[in-house]
Amino acid sequence: MNNLIILPILIPLITGVVLIFFTKNIIAQRWISAISGLLTIIASFMLANHVYRNGILTMDLSNWEAPYGITLVSDMFSALLVLTTSIIAFAALFYSFKSIGEARERFFYYPVVNFLVVGVNGAFTTGDIFNLFVFFEVMLMSSYVLIVLGGTKIQLRESIKYILVNVISSALFVIAVAYLYSVVGTLNMAHISVRLSEIGNAGIITVIAVLFLIVFGLKGAIFPLYFWLPGSYYAPPAPVMALFGALLTKVGVYSITRTYTLFFYHDVGYTHQLLQILSVMTIIAGVIGALAYTDIKKIIIYNIIVAVGVILFGVSVLTPESLTGSVFYLIHDMNIKATLFLLIGIIIVITGTSDLDKISGLINRYPALGWTFFIATAALAGIPPLSGFAGKLMVVRSGFETENYIGAFVVLMSSLLVLFSVMRIFIRGFWGTPRAYKNEDQAPVKWLLVAPAILTVFAVLYGFGTEAIYPVISTAAETLANPEIYINAVLKE
Amino acid sequence: MEILMAFLIGILFMTATYLMLSKSLLRIIIGTGLLSHGAHLLLLTMGGLKRGAAPLLGENAPSYADPLPQALILTAIVISFGVTAFFLVVAYRAYQELGTDNMERLRGKEGHE
């Protein structure tokens with residue numbers, strides 16, 4: 001039963017390897033990746049269920065015990081993220097069947113998506129800081145391929161910058177691990193936490209914490225380090241964008257959350273203050289970007305940055321309630337960003353453009369698309385019964401309770417402005433005079449709408465079922481708030 | 001020995017930064033290679049340098065070198081090798097497609113093909 005933890009990594013890995021041999025046979029590729037996607041969802045659901053019932057699940061690879069070997073750890077937080085990742089990856093795959101195009105399918109699209117899932121699930125599951133780096137690289141390598149696959153001019157131009165930024169941040173990651181290793185002499189995350197609490201309040205730990213913040217902040221797109229994101233995410237096609245927007249930045253956010261709740265919780269004064277300031281700036285920068293552009297893709301891309309800020313604000317407040325809010329919001333945001341990018345993909349397929357000035361009146365011919373989009377945008381902004389509300393409410397409330405008034409106020413205002421920025425898409429793109437578009441007859445809208453519609457249903461259920469889901473989420477946040485639970489589970493003291 | 005390594009790593013980082021700030025794409029890629037070399041040497045140095053001891057953890061060994069940093073840089077070297085190879089290929093394709101390797105000319109609005 002312990003081996004359950006590795007299945008969400010192993011299934012996509014084996015699938016990816018197998019698919020490499022079937023690149024010429026597109027039908028076989030689709031079937032294999034669909035079946036393995038379903039299996040991954042089932043495995044991660046069983047994992048989450050097991051973790052919820054029996055507590056944190058750990059696995060020491062090759063039976064080398066915890067501080068020495070590589071450990072995989074699945075607490076509720078990571079199990080939930082693995083489950084969300086599996087669902088989103090399956091939705092994006094399903095969507096790709098009709099939209100990604102044969103040329104990309106022939107050139108290893110499906111294997112690479114599977115490897116991306118390996119990297120993301122691995123990064124969520126691993127309990128070893130260097131292994132985190134390795135899974136980051138697996139994920140980044142797949143993302144490099146996905147962003148450049150197709151080889152159009154804009155993709156090549158943007159992928160060079162994307163690769164460059166990530167190569168530098170990987171080097172910084174190695175440097176950060178080097179400093180950390182020289183201070184604590186271990187790589188196991190639980191063991192690091194124990195050693196750091198023995199050392200106590202040393203300046204070097206703050207330096208390492210800030211270095212890790214830079215590394216993960218580059219991946220997670222926090223305030224001064226988000227500059228690469230709007231350009232790079234603009235280039236690839238919609239399903240890839242959905243995978244990136246939903247998964248990649250969230251791995252950075254997850255890593256910040258993990259390291260800042262597990263390692264660096266002793267000297268909260270400096271590091272968490274810094275994190276808080278940066279997260280508030282991130283929200284402001286994201287909102288400005290979301291309001292500034294009239295391009296649909298850009299608006300949603302800047303909304304990723306806003307969400308990263310909201311989640312990290314909750315983490316920086318560091319009360320049990322704010323952490324619960326952050327976990328709530330993180331899962332909601334992964335789901336809703338994937339939905340929105342997939343829906344935007346449909347709009348682009350129909351109209352051939354993402355410029356709002358050239359789109360209007362879509363709702364007359366595509367009412368289902370229009371209303372799905374409307375519900376998704378409402379959920380994004382956190383209109384009460386829908387999924388964004390509960391998380392944001394908890395983050396804002398605990399912000400006010402701990403007297404971080406400015407931050408909580410910014411989070412509150414950001415929902416309003418986010419709502420405004422996405423409602424603009426709805427008002428200008430869907431209302432108005434209907435136009436004729438040249439691609440609209442070939443567009444397989446009904447097929448494409450299936451995946452985002454299901455994800456929207458999840459968003460609605462997640463919102464209405466807040467009461468039911470709350471115990472699960474609060475279990476996840478409890479581990480974050482009390483690192484001892486995690487440490488005891490891993491080191492089996 | 002540590003002092004020497006510190007200077008070497010510093011020089012590598014310095015050169016890498018200089019190269020990465022230049023306009024030519026090839027120089028930038030060489031810069032990233034040097035940067036990762038510097039990072040790997042740093043990782044090795046931070047683990048503690050030892051002379052004349054094997055990386056073994058025996059019961060009665062009088063001294064031993066820490067094997068972990070070596071395992072780590074081995075992994076990191078392989079990764080950076082793979083990434084550099086991929087980066088070079090992408091740069092070559094970009095040069096073919098866009099007709100330039102000058103970063104100044106690779107700018108532009110995202111929407112423009």
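Which residues does Asn335(A) touch, not counting residues up to four places away in sequence? I found Ile88(A), Leu455(A), Phe458(A) and Ala459(A), with contact meaning heavy atoms within 4.5 Å.

The model is predicted: local features need pLDDT of at least 70, side-chain atom pairs count only at pLDDT 80 or more, and totals for chains, interfaces and linings use all residues. Residues are numbered from 1 along each chain as its sequence is written, chains are lettered from A and ligands numbered from 1 in the order written, and side-chain values use heavy atoms, without hydrogens and water.

I placed Asn335(A) in helix α14 (residues 320–351) of chain A; helices are DSSP runs of H or I, at least four residues, numbered from the N terminus. Asn335(A) is buried, at 9% relative accessible area; buried means under 20% (1.4 Å probe, protein chains only).

Next I looked up α13(A), residues 296–317. Of its 22 residues, 22 are buried, so α13(A) is largely enclosed by the rest of the structure. At its start, a side-chain oxygen of Asp295(A) comes within 3.1 Å of the backbone nitrogen of Lys297(A). Leu318(A) follows α13(A) and has a positive phi, near 60 degrees.

Last, I checked cavities: sets of points on a 1 Å grid over the protein atoms alone, where a 1.4 Å probe fits but cannot get out. The count is 6 of 30 Å³ or more. α3(B) gives the largest share of its lining, 6 residues.

Notes. On a 1 Å grid over the protein atoms alone, a cavity is a set of points where a 1.4 Å probe fits but cannot get out, and a pocket is an open set with protein on both sides within 12 Å along at least five of seven lines; lining residues have an atom within 4 Å of a point. Grid points are joined across faces, edges and corners, and a volume is the space filled by probe spheres set on the points. Helices (H or I, at least four residues) and strands (E, at least two) are DSSP runs, numbered from the N terminus. Buried means under 20% relative accessible area, exposed over 50%, partly exposed in between (1.4 Å probe, protein chains only). The expected span of a helix is 1.5 Å times one less than its number of residues. A polar contact is a pair of N or O atoms within 3.5 Å; within protein, one must be able to donate a hydrogen and the other to accept it, and residues adjacent in sequence count only if both atoms are side-chain atoms.
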